[in-house]
Amino acid sequence: MASAYGDFKLLNAAIDSTPLIDNHAHPLLTVGAVSKHPLLSIATEANGDAINDSKTSLSHLRAVKHLAEALGCEQTWDAVVAAVERKRAESRDDWTKRCLEGVETILIDDGLDMPGQAETYSWHDKFTKSKCKRIVRIETVATEILQGFVGDPDKFTLNGGGLKRFLDQFYEEIRRSIADPDVVGFKSIICYRRGLDIPLADEVQAHIDDVNRELEDIINAGVKVGDHGTSLNKRIEYSHLNNLLVHVAAKLIRDVPGPKKPIQFHTGLGDNDITLTKSSPSHLQSFIREYPTVPIVLLHAGYPWTRETAYLAAMYPNVYADIGEVFPCISRQGQESVLREMLEVCPWSKVLCSTDGHGFPEMFLIATTQIRSALKTVLGELVRTQQLTEKQAVQLVQSILYSNSKKLYNLQTETVLPSFTELGSLPLPRTNRSNEALIRKLQSLNAKYLRIYWFDYTSSAKCRLFPIKQVYKTLASGKPMAVSIAFAGLGLLPIDVLIPDVTATGMYSLRADWSTLRPGPAPGHVSCFGDFFHLDGSEEILCPRTFLRKTLEKAAAQGLTFLVGFEVEFVVLERNPDPTSPDKYRTLRNDGHAWSMARAIADWGREGSFNTASDEILDTLDAAGIEFEQLHPESAPGQYELVLAARPPLEACDTLIQARQIVESVAARHGFRVTLHPKPYAMAGGSGSHAHMSISSPGGDKPEVYEAFYAGIMEHFRSIMAFTNSNPASYERMQDSFWAGGRWITWGTQNKEAPLRKIEGSHWELKVIDGMANPYFAIAALFTAGVDGINRKAKLVWGDCAGDPAKFSDEKRKELGIVKNFPGSVREALEALKEDDIGLPAKFVRRYINTKEAELALLEPMSPEDRRRWLLERY
């Protein structure tokens, strides 16, 4: 419903641009403590066995949705957990900053019983615009004093003055906190201990002897020492003692001259440690009356007693209503109802906002996202029904999110809120923080058009192009950027004919993966990749990127990670000016073009030269953040090689496609045709797409690890060829004695005639792969085979081949274990894959084989020259 009121530009701008003063939260866990607490707790107060049932709650499902959108992953809990773990591993600070985006400052209750496991309140300053402040928990102050008395049996006898000594220290600590500028308030959890039905001060004083006995009971029970510090064996949960602590703190606050620091009370929503019937804030009415000058904040909307909370805040000038923790711990409808019920009677100048975030930064992200969403829905209704003007609604937003807390807690903050007029100058209403950040990024790139790419089963790069205004409109609505693609999109031949087992029925959602966003390949264009999902949000394993990602996740679960770097070999052709010729392209004019020949780039700077166009290619690659290490002439006429830097495998494949698109696009703008055809000239060297691989995880350079990995590849090599040499033209290139990998299954150290060249440690080069391969499929097949080898502790039984195996005698080949040839054609490679599927998903293998067999039915009837021309036009 948030988008139903998208016409209220100023209101939406205020909701999205007003930073949150989070008036009640808890510290984040330290790196070492994160794994000891359940991430599930971010959307529920349940604990113990009950927390597992929260997975079927509406609040949990909504949290998954919002986190998945921010993380760019599938909307399942397992996918979210995996993505969060990746973010933590990449950069904990960057991810935390993302989660706390839009938070001005946090008022942190650091009194949770987690000694040594939580960060300090000031540690959080690096993630907020203004410095964070403390909320002192009253019961924690008392607990720390009592721990100091344990071990001295004389301190708490009935007549030994123990109570006075305890109270003197308690007074001193509360007074110190009142004077401390970093402490902006206090909090009591008496709701958890004995309930909110606090008697009047005189009645509490009448039971002072009971207080003394309760203190003795706690002291005599002693302390326990755990991994993270000392704690009382008996916590402070005695009626008379708890009541006394709250009254003492309130009196000290009341009696201090000048502004009063508020006391926050936990009310309502909490875990099963509370007595529900005593958690209604209505029980506090007598206490509120007794301390009319002490500001009292009723936390968590008093849920489910929201109307009682609103009433108290409306009727008593010293009472304020907080609407935290319901975001994100109840459903969307519940959150909107809380906001509506609060505004039924409570002035908006008395309403505060918080996240109750604790432990995990993800809770802050989903809470702030949901707060803004609920405000848009509820306030949009009020403006539409003319109960508020849009200007009044903006004032309400700025008050609840920011100004009320700033005033109540006497905060010095950095942000100056824009006026109503200034809000009107904001360019776009923003719906959620992740989409808002994307809009900012796209604006910074001066984007006019967005391309969303995918790479299909015939190794064709495909895309949809969107005007940037349409992209902004979609993102501003809160929706993910996606486009419907027919199921047939993953079963089409390059001439738009369906393969036999695919029909025209059914649709996918192709969703933009914003982590792949780059400028290019043309000026004013930006590009990213898309992933295929079913309309119910589930992943499609037939999606090339998803298939590789799943393969890598399985390897990562075993502690294995990798790096991949591709070489892009391509041939530059000129357009044939002769309209009568059957050839659209002709050989690039050159003066003895050869491998690494300086003469081949001598005309760099001449108008009309491809070398001059290379200037723009390299500049465009650099602007796109694509790191390349070399560009040099290769052997065939007009042939060049671009060497890309090593990257994690999925990123490496994405980068390969993006680099090729830039090369092709820039060359076309200068009138040239670039082809990846593996063998465009029968009598010259062919073009590959050699892949450099290494095991980057710890221990990857140990011979027992990487030799088993490459042994697995060698064992499955014949099947792997169905993915790496996937076109009939691939086998024209794969000749002996041409530095193309040859026909024999072997490996060799620094041997450019071997299909697998060992370079150093786990860094090896695969030579039997070309530009007709789908790199996602090829790398997935290679790594599946390699991980299988590691799991089986496969032995590298082949000897280190030094020289050209095609020129060896049969006896020498046998001595080195070189006894098998690669398949000699695509059909032979597909038969090998049918016999040995490498452990790949059956659904994927079936679709791949069916596509390739349909492709062969198209290509095989062509004459060799017709097929060459046909491929040159398309690859």
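Predicted model: local features only at pLDDT ≥ 70, side-chain atom pairs only at ≥ 80, totals over all residues.
Residues are numbered from 1 along each chain as its sequence is written, and side-chain values use heavy atoms, with hydrogens and water left out.

**Overall make-up**

- The protein has 30 helices and 24 strands, where helices (H or I, at least four residues) and strands (E, at least two) are DSSP runs numbered from the N terminus.
- Taken along the principal axes, the box filled by the C-alpha atoms is roughly 105 × 65 × 50 Å.
- Of the 875 residues in the protein, 58% are buried, buried being under 20% relative accessible area, exposed over 50% and partly exposed in between (1.4 Å probe, protein chains only).
- The accessible surface comes to about 35100 Å², and 51% of this belongs to carbon and sulfur atoms; such areas come from the Shrake-Rupley method with a 1.4 Å probe, and for residues only the protein chains shown count as cover.
- Among contacts (heavy atoms within 4.5 Å) between residues at least 6 apart in sequence, 74% join residues at least 24 apart.

**Helix H12 and its surroundings**

- In helix H12 (residues 306–315), the buried residues are Thr306, Thr309, Ala310, Leu312 and Ala313.
- Seen down the axis of H12, these residues fall within an arc of 165 degrees, so they line one face of the helix; the arc is that of the directions from the helix axis to the C-beta atoms.
- The buried residues of H12 pack against helix H11 (285–290), strand E8 (296–298), strand E9 (319–322) and helix H14 (332–345).
- Tyr311 is also found in H12, and it counts as partly exposed because its relative accessibility is 42%.

**Thr368 in helix H15**

- Thr368 lies in helix H15 (residues 361–384), and it counts as buried because its relative accessibility is 3%.
- Leaving aside neighbours within four places in sequence, Thr368 is in contact with Leu20, Val103 and Thr355.

**Helix H20**

- Helix H20 (residues 544–557) has 14 residues and reaches 20 Å from its first C-alpha to its last, close to the 20 Å expected at 1.5 Å a residue, the expected span being 1.5 Å times one less than the number of residues.
- The buried residues in H20 include Pro544, Phe547, Leu548, Leu552 and Ala555.
- Just after H20, Gly559 takes a positive phi of about 80 degrees.
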